[in-house]
Amino acid sequence: MAKVSESIPTDLQPEVDAAINWFNAQSADEFKVTGIVDAEDSLAQSDGKELRLVLCGGDICQQKKFKVLRSGDSFSVSFADEAPIANGTQAELDPPPGARKAWLDDVISKHKFIILVFYRGFW
């Protein structure tokens with residue numbers, strides 16, 4: 001079972017910053033890192049880091065896997081190869097608390113009422 005942490009270990013922060021900056025440069029939306037999956041595995045790697053990050057931006061949260069190589073003061077970032085998921089669905093991870101803090105306030109200001117439907121399952 002994957003272990004998701006909301007706090008990024010200090011030793012991984014430069015690599016995480018490089019990965020999210022690289023990802024945002026390619027994305028139309030601005031994403032934030034709201035979690036890291038199996039941080040201990042990433043810390044144990046010596047030649048480059050594979051990071052599984054939970055990213056939230058706009059109305060979506062997603063998990064992405066990055067390969068980050070340090071070269072001097074800079075980083076080389078790319079998507080890491082991922083094995084296909086056996087049942088064809090994304091890994092079961094809950095969105096972190098507070099990832100959509102401003103969403104409800106934004107929607108309520110645009111409508112007289114809203115309907116919230118809660119579903120517990122894959123995201």
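The model is predicted, and the mean pLDDT of the protein chain is 82. The chain contains 3 helices and 5 strands, and buried residues account for 28% of its 123 residues.

**Overall fold**

- Of the contacts in the protein chain between residues at least 6 apart in sequence, 54% join residues at least 24 apart.

**Confidence**

- In the protein chain, 79% of residues reach a pLDDT of 70 or more.
- Confidence is highest in H1, at a mean of 95, and lowest in helix H3 (residues 103–108), at a mean of 80.
- The pLDDT is below 50 over residues 88–92. Beyond near neighbours in sequence, this stretch has 9 contacts in the model.

**Helix H1 and its cover**

- Helix H1 spans residues 13–26. H1 has 14 residues and extends 20 Å from its first C-alpha to its last, close to the 20 Å expected at 1.5 Å a residue.
- The buried residues of H1 are Glu15, Val16, Ala18, Ala19, Ile20, Phe23 and Asn24.
- An α-helix has 3.6 residues a turn, so residues three or four places apart point the same way.
- The cover over the buried residues of H1 includes strand S2 (32–37), strand S3 (49–57), strand S4 (60–71) and S5.

**Asn24**

- Asn24 lies in helix H1. Its relative accessibility is 13%, so Asn24 counts as buried, the cut-off being under 20%.
- The side chain of Asn24 makes a polar contact of 3.3 Å with the side chain of Glu30.
- Not counting residues up to four places away in sequence, Asn24 touches Asp29, Glu30 and Phe31.

**Aromatic pairs**

- A pair of aromatic rings is described by the distance of the centres and the angle of the planes.
- Counting rings whose centres lie within 6.5 Å, the model has 6 aromatic pairs.
- The rings of Phe23 and Phe31 have centres 5.3 Å apart and planes at 80 degrees; the angle is over 60 degrees, so this pair is edge-to-face.
- Phe23 is buried, with a relative accessible area of 8%, and Phe31 is buried at 5% relative accessibility.
- Phe23 also forms an edge-to-face pair with Phe79, at 6.2 Å centre to centre and 85 degrees between the planes.
- Trp22, Phe23, Phe31, Phe66 and Phe79 are linked into a cluster by ring pairs.

**Nonpolar core**

- The largest nonpolar core has 15 residues. Those with the most contacts inside this core are Ala19, Ile36, Leu51, Leu53, Leu55 and Phe66.
- H1, S3 and S4 each supply at least two residues of this core, and H1 gives the most, with 5 residues.
- Not counting residues up to four places away in sequence, Phe66 touches a set of residues that includes Ala19, Trp22, Phe23, Leu51, Leu53, Leu55, Val77 and Phe79.

**Val77**

- Val77 is located in strand S5. It is buried, with a relative accessible area of 14%.
- Leaving aside neighbours within four places in sequence, Val77 is in contact with Ala18, Ala19, Trp22, Phe66, Lys67 and Val68.
- Val77 and Glu15 are 62 residues apart in sequence, and their C-alpha atoms are 8.8 Å apart in space.

**Backbone at Asp38**

- Most residues other than glycine have a negative phi.
- Asp38 is not a glycine, yet it has a positive phi of about 50 degrees.
- Asp38 is placed in the loop between S2 and helix H2 (39–44). With a relative accessible area of 17%, Asp38 is buried.

Technical notes. Residues numbered from 1 in each chain as written. Heavy atoms only, no water. Phe/Tyr/Trp six-rings, centres within 6.5 Å; stacked < 30°, edge-to-face > 60°. Buried < 20%, exposed > 50% of the residue type's maximum accessible area, 1.4 Å probe, protein only. Helix = DSSP H or I, 4+ residues; strand = E, 2+ residues; numbered from the N terminus. Expected span 1.5 Å × (residues − 1). Contact = heavy atoms within 4.5 Å. Polar contact = N/O pair within 3.5 Å; in protein donor to acceptor, adjacent residues only side chain to side chain. pLDDT = per-residue confidence, 0-100. Core = buried A, V, L, I, M, F, W, Y, C linked by side-chain atoms within 4.5 Å.
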